[in-house]
Amino acid sequence: MDSIIRKISIGSDYKNDAMHYSVGQEVYGGHTISHILLEPDNSYNIFIKKNDAILPWKKFNSNMAISIEYDLQY
């Protein structure tokens with residue numbers, strides 16, 4: 001079963017110091033997070049969308065403290 005990442009949190013202290021990014025969240029001057037992907041090199045890429053343009057925005061490698069939340073709609 002393919003899992004879709006709904007939210008990614010970066011940082012070792014989840015409640016206090018982590019950065020949280022969710023699909024649908026508005027960021028960076030009117031852009032919206034469109035999707036979060038796990039790449040073959042085990043990095044996570046966050047893509048943003050504005051109008052019809054989808055752009056890579058942030059990339060995190062697997063050496064960082066990362067927490068993933070999957071979309072449970074099936």
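Trainee: Among contacts between residues at least 6 apart in sequence, what share joins residues at least 24 apart?

Mentor: That share is 33%, where a contact means heavy atoms within 4.5 Å. Keep in mind that this is a predicted model, with local features needing pLDDT of at least 70, side-chain atom pairs counting only at pLDDT 80 or more, and totals for chains, interfaces and linings using all residues. Residues are numbered from 1 along each chain as its sequence is written, and side-chain values use heavy atoms, leaving out hydrogens and water.

Trainee: How many helices and strands does the protein have?

Mentor: It has 0 helices and 7 strands. Both are DSSP runs numbered from the N terminus, a helix being H or I with at least four residues and a strand E with at least two.

Trainee: What makes β3 and β4 a pair?

Mentor: Pairing takes at least two DSSP bridges between strands. Strand β3 (residues 26-27) and strand β4 (residues 31-38) have 2, in the antiparallel sense, so they count as paired. Glu26 stands opposite Thr32 in β4.

Trainee: And how many bridges join β4 to β5?

Mentor: There are 6, with β5 covering residues 44-50 and the strands running antiparallel. Leu38 sits opposite Tyr44 there. The hairpin has 5 residues between its strands, and Asn42 in the turn has a positive phi of about 65 degrees.
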